[in-house]
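User: I would like to learn how to read a few features of a protein model. Please take me through them one at a time.

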2 protein chains.
Amino acid sequence: MPKQKFVYFFGAGKAEGDGSMKELLGGKGAGLAEMTSIGLPVPAGFTITTEVCDLYYKNGKKYPAGLKEEVQAHVAKLEKATGKKLGDPKDPLLVSVRSGAPVSMPGMMETILNLGLTDKSVTGLAEKTGNKRFALDAYRRFIMMYGSTAMGIDREKFDDEFEKLKDEVTRKRLKVPADKKIGDTDVNAEELETLITRYKAIYKKAIKKDFPQDPSEQLWGAISAVFGSWMADKAVTYRKVEKLVGIKGTAVNIVQMVFGNKGDTSGTGVCFTRDPNSGENVFYGDYLINAQGEDVVAGIRTPLKLADFARKDPAAYKQLCDVRVKLEKHYKDMQDLEFTVEEGKLYMLQCRTGKRSPAAAFKIAVDLVEEKLITKETAVSRIKSSDIEGIFYPAIDKTQTSELKNAFLVQGIDAVPGAASGKVCFSADRAEAMAAKNESVILVRKETSPEDVGGMHAAAGILTATGGKTSHAAVVARGWGKCCIVGCEKLAIDYEKKVFTVNGVSVSEGDLITLDGSNGNVYKGALKLVMPKLPKSYEMIMKWVDEIRTVKVRTNADTPYDAAAARLRGAEGIGLCRTEHMFFDTEERILAIRRMIIADNSEDRKQALKKLLPIQTKDFEKIFKAMDGLGVTIRLIDPPLHEFVPHDKEGQQLLAKACGVPYEVVKQRVDKLHEANPMLGHRGCRLAVTYPEILDMQVTAIMTAACNMAKKGVKVFPEIMIPLVIDAKEFSMLEQRVRAVASEIIAKKAVKIQYKVGTMIETPRAAILADGIASHAEFFSFGTNDLTQMVLGMSRDDAGKFLPDYVDEHKAAVFKADPFQSLDQEGVGLLIKSAIEKARGARGDIKIGICGEHGGDPESVKFCCRIGMDYVSASPFRVPVARLAAAQAVVEAKASESVAGASGRSSARSASAGRVARKTSPAAGKPAAASRKTAASSGEGAKSAAKKAPARSGKK
Amino acid sequence: MPKQKFVYFFGAGKAEGDGSMKELLGGKGAGLAEMTSIGLPVPAGFTITTEVCDLYYKNGKKYPAGLKEEVQAHVAKLEKATGKKLGDPKDPLLVSVRSGAPVSMPGMMETILNLGLTDKSVTGLAEKTGNKRFALDAYRRFIMMYGSTAMGIDREKFDDEFEKLKDEVTRKRLKVPADKKIGDTDVNAEELETLITRYKAIYKKAIKKDFPQDPSEQLWGAISAVFGSWMADKAVTYRKVEKLVGIKGTAVNIVQMVFGNKGDTSGTGVCFTRDPNSGENVFYGDYLINAQGEDVVAGIRTPLKLADFARKDPAAYKQLCDVRVKLEKHYKDMQDLEFTVEEGKLYMLQCRTGKRSPAAAFKIAVDLVEEKLITKETAVSRIKSSDIEGIFYPAIDKTQTSELKNAFLVQGIDAVPGAASGKVCFSADRAEAMAAKNESVILVRKETSPEDVGGMHAAAGILTATGGKTSHAAVVARGWGKCCIVGCEKLAIDYEKKVFTVNGVSVSEGDLITLDGSNGNVYKGALKLVMPKLPKSYEMIMKWVDEIRTVKVRTNADTPYDAAAARLRGAEGIGLCRTEHMFFDTEERILAIRRMIIADNSEDRKQALKKLLPIQTKDFEKIFKAMDGLGVTIRLIDPPLHEFVPHDKEGQQLLAKACGVPYEVVKQRVDKLHEANPMLGHRGCRLAVTYPEILDMQVTAIMTAACNMAKKGVKVFPEIMIPLVIDAKEFSMLEQRVRAVASEIIAKKAVKIQYKVGTMIETPRAAILADGIASHAEFFSFGTNDLTQMVLGMSRDDAGKFLPDYVDEHKAAVFKADPFQSLDQEGVGLLIKSAIEKARGARGDIKIGICGEHGGDPESVKFCCRIGMDYVSASPFRVPVARLAAAQAVVEAKASESVAGASGRSSARSASAGRVARKTSPAAGKPAAASRKTAASSGEGAKSAAKKAPARSGKK
């Protein structure tokens, strides 16, 4: 085995690493190497790899053998390149030491500047620069940074000492009145010498050792501090919160110091190559004259806009503009830069892909295509699903900083993004009543149930005390793109008194609150919202998306309203129309279905169903009309019947009266419907097996509606879906019944209708026996909500108690994300993949799709594309996200194909080739994980300088 | 394609069919053919195949083309063989027409005798026999049987007419007083002629057609009647109840008549070649002189014992004895025979394997081996699991016929066989109290819960109003072999008044009732029970069983008591020790676990667990001692915590007091534990992930107990089983924790202990990812109860509402048997098989077993053997059944191997070869379904004559 390389050098136009090596060199190290290679002015330096960090922790915090020597050799190389030596009392080499993980990560050690200064070398620096004060100032900064950042001494101790000195000595010398502040620059060299002495005393007192006078000791102290910060609580917590897994560690960058604080021809700045808010192709950033990096961060002085910088120092500005052009040409994307000007000469200190607002993301991507810098495919691959969310949903205006702080009430789970303000109300009926008076309403409930749907629709936003991202409230609200916060467990709701209390604050019905669905925050009062505008570039990107993708995108829609909304967003049909939701729509409907449930014989049941028939027929007619020319998959009734009946005495008494039966009959029937595990109970096609009359009514309604619409010239393509099958025998029995009813209607109506009969694959047994079922079914739709519950043995409603541990890297770490949000590709996905193979073996032309919540999750959509599905179905508001993901799957497959082709691994991958690959190349398959990660992280990376940049919340 | 053969002839020592062709010829037809072939005196005849019946129904009740001609040709052949012609006015051929399915099936048409008699041929018969009365009697019988059995005329109409004639004419002629009965034989020829005229009038009135005078029309009428009876309600219901599926139809047997009613040298009888009660090698049966078959059935006269027959007609008896010897030699099993003697000559009419009592089954099997008629393997293959049940469980004395009839209360679901009498009580506590006074108690509950276990153990029998064969009551009772009837839905229990009412009868606490667990019947009062005696032949058979089988049999036992009981029955270790059951044992224990649950932080939880530690340690010590030298698989706590806490206010208040916390705290904690789908909730190893302290305590208890016992010289082999895993990562995290705790204890105790860490495969995800898990786990135990629920998406507790439809041949017909009783081999089984393959691929020596309820079901055990498991684990009382099934699996594999070898199909089957095959031959696999069916049905077949034979309920 060749010796592992731990250190990568860059300097004088050459670098051992490059920009693609983020995993190994960290983002900062890779950027420095790349900039060096393309001839940008970068101070020389070297990077210790993330692998060293990994080995350090694997070996009980010991460095791997050979590292010391390798670092030493690179120090020597750096000394040679710079012509200076560490600790040289004449002309010392000074370096900065910075951490740099593959993904930017707050909480880790940031920067130590001026390392290499000692009591001896500080005089060398003073002599060489002819500026004693500058040298001493650098030294005191170094002692403070090293002492606090590397050795963990409370920074305040240093700051307090500095203030004390200023007060006691400088103030006296300059005779500054007590009420006036003394600046750092007011302190003179002599005083700085005193300060240095005191700083060293602070250091010794805290560390029980003298401040190191050996630059090598300083260097190793700093390196250890960087690696140590990788496992600091703050960093660990950040990775947990951000769900960052599989990162080896941080790299350490050791770079020759350049000084922006050498006077008015020096300075430091951060900038973006384009406007990160609007995406406009204008240079954007801040510059601080005569300052070091930390001064920018500290925000002591107001920086200059770039235009002012251009006026003040046109020569330096020109160098920066050249760099801007060069970098955009090179990276073919908007960049976020850090630079320093030392006595008129520009040095680049960092460069990375710039964060941007959703609107800017679209604008920049389209512009770059028009500038012929990138292809349409690349443009599409750069858009994130959150960009689409960001331009569709209203948002809280984040500029109202103090309002946000003061009004904050509590944080729940961010179920559906967007923001909403309105009056609090606690019941669905009340919400409808208030909304009818044109009031904006926020519906606050412990949890929601199908009976609340009317009120939920009427509300501007929904807030629940329980439930997760796939609870009833979340799922329903998501379908409408309606702001929703769930699982806000601190809410104590008193329905009777119509008030909720949280963190000591009481909010009554009618009080105003504001929800921020993008982060789960709840605020008191009505905060200012900013409304989205769909930029033209959005339309352009989505046009390209549709050109690229090979997998269709349908929608889950139960109403003509939803169907039309989804079609506007590009849905190519309905993948799941849940017929049961129709039953809750009006009093008349719910009563009819309840009558049917209370019936204790087939005849009474048929009578009750007769009332539902014309209602369902009308609904289907409207849906077929809305989906003229597109397929509509209608699922027969699925939930257990107890979901339709009242469980309280009063409701049961009313029902008994309405049905003309004794209360006891209703009570007994409802009690009998109780189930220990309703998820695994009497539902789905089991209802059709037990009560075939229901199936007959529903198929009659569907086919009558289809025939009626067809006669009016609407192109109808009904697809009847039988839910929860476990077996070919069961399916085929029901399929025959469906066809018998359908044929009768078609014959009676004398119209030609193309219809399909298929099934939802939701039980593991159906997936296992997919070949048998496929020989009878014309289409499959994977119902991954239920399939996930059964494969994992986890109830979505109950998983809140333990699932967080299963997504926690430091506990069970089974899943990368909540498997109810993002498909468990390893387990459920494997089963689906094998089911598809079996199904296509039995029926080559079977149409296969997915209609669970996962159909709107980008990673899940991509997986579905890879394993060869024909379509995915997402809730109306997620349709654009699904379209985007489907296109990105194609782009990624092509990329992986070319990678695979280049490395000759294509044959090994071809076995798992999915639909995407089938259309692009027979040899492509799952894209390499590495390329995915790189793509995903290319737009990420918050960091200190980002404080200056606007957050990506659409502020403009 | 060669023309399909529909009719098989037999006669004069030659037959076209043989005894192996039951599927095609029915049991009767195959028996007649075989007896003919081996030279027994069988009247000539032919059999129309079951395939004709199948085609008849498939083609809308039309006979297949060519059948008429083929039957006609066989009639001609029969006429030639007998020298008589149908309808011949001189010497007519008369035939019997009988149905005969592959499995004997009450409810189908039975027999029409004397077919071929017409107004003309009856005179020929009279002349030929010189017995006009005999001929006329035959004719009136024929009209009656044809009219009632074939044409559906109410038989009473014929009987009434006969009685009227006797009363009006015969009584007058013979001057019999009105209070004296007139026998059939008192009616003379002239009167019979009148009767025949009247019978024909009855026929014409009912059918609107004259009684057919064309024998060919008669014959087709009878044939159609037989085929028609296949779909008669009674027959369909019988097949449904007996779960007979996949039978094509019934055959029709047309056989030359012989007459047992030709005087005192004629007669008819039924017999068994050995005593079907005791199994003794003595000839056993009944004989009726001067009678036709139907007279025996009618039971008008008391038949002779065989010994009397021997005295009365030694010549005929000798012929019968010769047949007995020949048949036993030929069939190598005890046979059940029907025969007729016509004027001193013996004719065999039927022969089939005789039903026998459980004791007789063992005795006969062992005797036949000693007589060198069969091998040990064959002997083992002939024992049924019900034979083992029959000799272990007490039974109701079935001779108390009228008591049984009068005392009958209601029928529930037969959950655990055996019988029990005792005083009714309605609570577990009361049951324990009464049992403590040595009273025999029957615990009657709506349903049982883990808290009732003490009372259930104390009771002699258990009766519940709800639940199925795998409900809590059933599962727990089965483990103890305790008589249990569940799902007795008609029971209305009033706990307050301590009374239940059923069918209008009230039964109060203290009243006596008797349960018959073999059929689910509940009786009022204490009926006489018969206690089982284990015959020596049982020990012999089980010795052979253990010699033959290759798969180990363990037991599911949670207590030292159960462990010892199972070991006595041959258990080779514990396959599942459920630790949670231990918590319910005493007040102290349940309080300790509740304290642990109420704890809201890790520290309090640890304190509570400390109290449980010594208790669990003691339990494990006793179990290890009971299982000295054998493996003990201990499952860590599995059920959701809410199963341990009180859900009523009173219980919660008591708990709050005991724990010293406010009631609200307890209530809130219990409420939080509520789950929508507890089956898929916070349970299994998810508890260990959330509360690792529980795992620590349990592993400490197990290993401390193991070390303590090892020090005392007990050979301990603990196997720690982690339940409900879904993943290798999750398992390995917990496994490491288990090993860490275990190592610490072992080090502290300084003993050498071999222990294993493995898992229960219960979730589909675990099965799908079995290879990954196997690389960490030393053993797998398939928890098929839960696995079935998840794979099917069916909750065991809720399936009662729809599962019956899924086992119904005429509804969804998905399963042959309740999948919670007998493993769903097609679905769940397929998943298990592939999981085993994956697991063995990852770890060749992984130990694999099953510990669900299926481990005690013979068909499931055989399946487990075929797919290569190392062991099965059954409840203590099912251990002998599992041992037997494991041995039979080997015998069946060998048989299938030889079949496969003979037909050259071995290579195609070898792919699915399981453990059985691996040990017997590398080429053997799943036995052919056909051979299984034949084996299964060989001992079956109840029928009219069986009325005379004792039922297999151990009556002796």
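**Strands, rings and cavities**

Analyst: I850(A) stands opposite V872(A) in β34(A). This is a predicted model: local features need pLDDT of at least 70, side-chain atom pairs count only at pLDDT 80 or more, and totals for chains, interfaces and linings use all residues. Residues are numbered from 1 along each chain as written, chains are lettered from A and ligands numbered from 1 in the order written, and side-chain values use heavy atoms, without hydrogens and water.

User: In which sense do β33(A) and β34(A) pair?

Analyst: Strands are DSSP runs of E, at least two residues; helices are runs of H or I, at least four; both are numbered from the N terminus. Two strands pair if DSSP finds at least two bridges between them. Here β33(A) and β34(A), residues 871-874, pair in the parallel sense over 2 bridges. β32(A), residues 779-782, and β33(A) also pair in the parallel sense, over 4 bridges. One bridge joins S781(A) to G849(A).

User: Which way do the residues of strand β33 of chain A point?

Analyst: In a regular strand, side chains alternate between the two faces of the sheet. In β33(A), residues 847-850, K847(A) and G849(A) point one way, and I848(A) and I850(A) the other. All are buried, meaning under 20% relative accessible area with a 1.4 Å probe, protein chains only.

User: How many aromatic pairs are found over all chains?

Analyst: A ring pair is described by the distance of the centres and the angle of the planes. Rings of Phe, Tyr and Trp (its six-membered ring) pair if their centres lie within 6.5 Å; planes under 30 degrees apart are stacked, over 60 edge-to-face, the rest tilted. The search finds 54 pairs over all chains. One of them is F134(A) with F259(A), edge-to-face, 4.9 Å centre to centre and 85° between the planes. F134(A) lies in helix α5 and F259(A) in the loop between β8 and β9 of chain A, so the pair ties together parts 125 residues apart in sequence. F134(A) is buried, with a relative accessible area of 5%.

User: What volume does the largest cavity have?

Analyst: Rolling a water-sized probe over the atoms shows where empty space is left. A cavity is a set of points on a 1 Å grid over the protein atoms alone where a 1.4 Å probe fits but cannot get out; lining residues have an atom within 4 Å of a point. The largest cavity has a volume of about 70 Å³, the space filled by probe spheres set on points joined across faces, edges and corners. Its lining includes L636(B), Q698(B) and L734(B).

Technical notes
On a 1 Å grid over the protein atoms alone, a cavity is a set of points where a 1.4 Å probe fits but cannot get out, and a pocket is an open set with protein on both sides within 12 Å along at least five of seven lines; lining residues have an atom within 4 Å of a point. Buried means under 20% relative accessible area, exposed over 50%, partly exposed in between (1.4 Å probe, protein chains only).
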